[in-house]
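Please look at the model on the screen.

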Amino acid sequence: MTYAVAHVDQLEEVTDGREPWRPVRHHLGITAFGATAWTGHTAGDRIINEHDESDDSQEELYLVLRGRAVFELDGERQDAPAGTLVFVRPGVKRTAFAEEADTSILALGSRPGKAYQPDGWEIWAPLHPLYQAGKYAEAIDRGRELIEANPQYTMPLYNLACCESLAGRPADAIEHLRRAFEMSEDLRALAKTDSDFDPIRDDPAFKELVATGT
């Protein structure tokens, strides 16, 4: 398929326990940049979770699709009626609030100078509350279903391995980590210091995997 069409309100909202969003990039099959839509259903609602992109180093462009928003950018407030474009570089703390009911914002993002690699964070995000609650077995069962349906993404594999490590399933964790590393070498450095792997950190197979990639 060479094109896709969707109305933002037709996309199901998902959440990781914070502000809900609509996974535009995943729904349309975009692979060149991140794209997410956020809606404040009631005036005064926070629309976008506060963050600064210091970890991902992404530049972000926001477009107010409808309604009226107020952005807070490093503490400065910017009024943003429908049609407003707001461009924010990494390191700037940003969030936005709805000034009118059903205010919607489209967020586009990518890392400067580096090819965009969709990692599927949107797929795993609804399971994050299970991880936070220590319900690792349930997160594992649901995560495996997600990965089977979306095998092209790395982050669900990595997060599944985290839950398996914490649940006392070292062989499964190491196997899923291996698959994640094959798809994204950047995850190897993350795993070396990730406390989720403390339960298997002394396992010879884990040590070999994060050290040599074999």
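The side chains of E122 and R25 are joined by a polar contact of 2.9 Å. A polar contact is a pair of N or O atoms within 3.5 Å; within protein, one must be able to donate a hydrogen and the other to accept it, and residues adjacent in sequence count only if both atoms are side-chain atoms. This is a predicted model: local features need pLDDT of at least 70, side-chain atom pairs count only at pLDDT 80 or more, and totals for chains, interfaces and linings use all residues. Residues are numbered from 1 along each chain as its sequence is written, and side-chain values use heavy atoms, with hydrogens and water left out.

E122 sits in helix α2, residues 121–124; helices are DSSP runs of H or I, at least four residues, and strands are runs of E, at least two, numbered from the N terminus. Is E122 buried or exposed? E122 has a relative accessible area of 5%, so it counts as buried (under 20%; exposed is over 50%, partly exposed in between, with a 1.4 Å probe and protein chains only). Setting aside neighbours within four places in sequence, E122 is in contact (heavy atoms within 4.5 Å) with W21, P23, R25 and H26.

Next, N49, in strand β3, residues 46–51. N49 is buried too, because its relative accessibility is 9%. A polar atom of the N49 side chain lies 3.0 Å from the backbone nitrogen of E19. Not counting residues up to four places away in sequence, N49 touches R18, E19, W38, R94 and T95.

The contact between α6 and α7 is made by L177, A180 and F181 of α6 with L187, R188 and A191 of α7.
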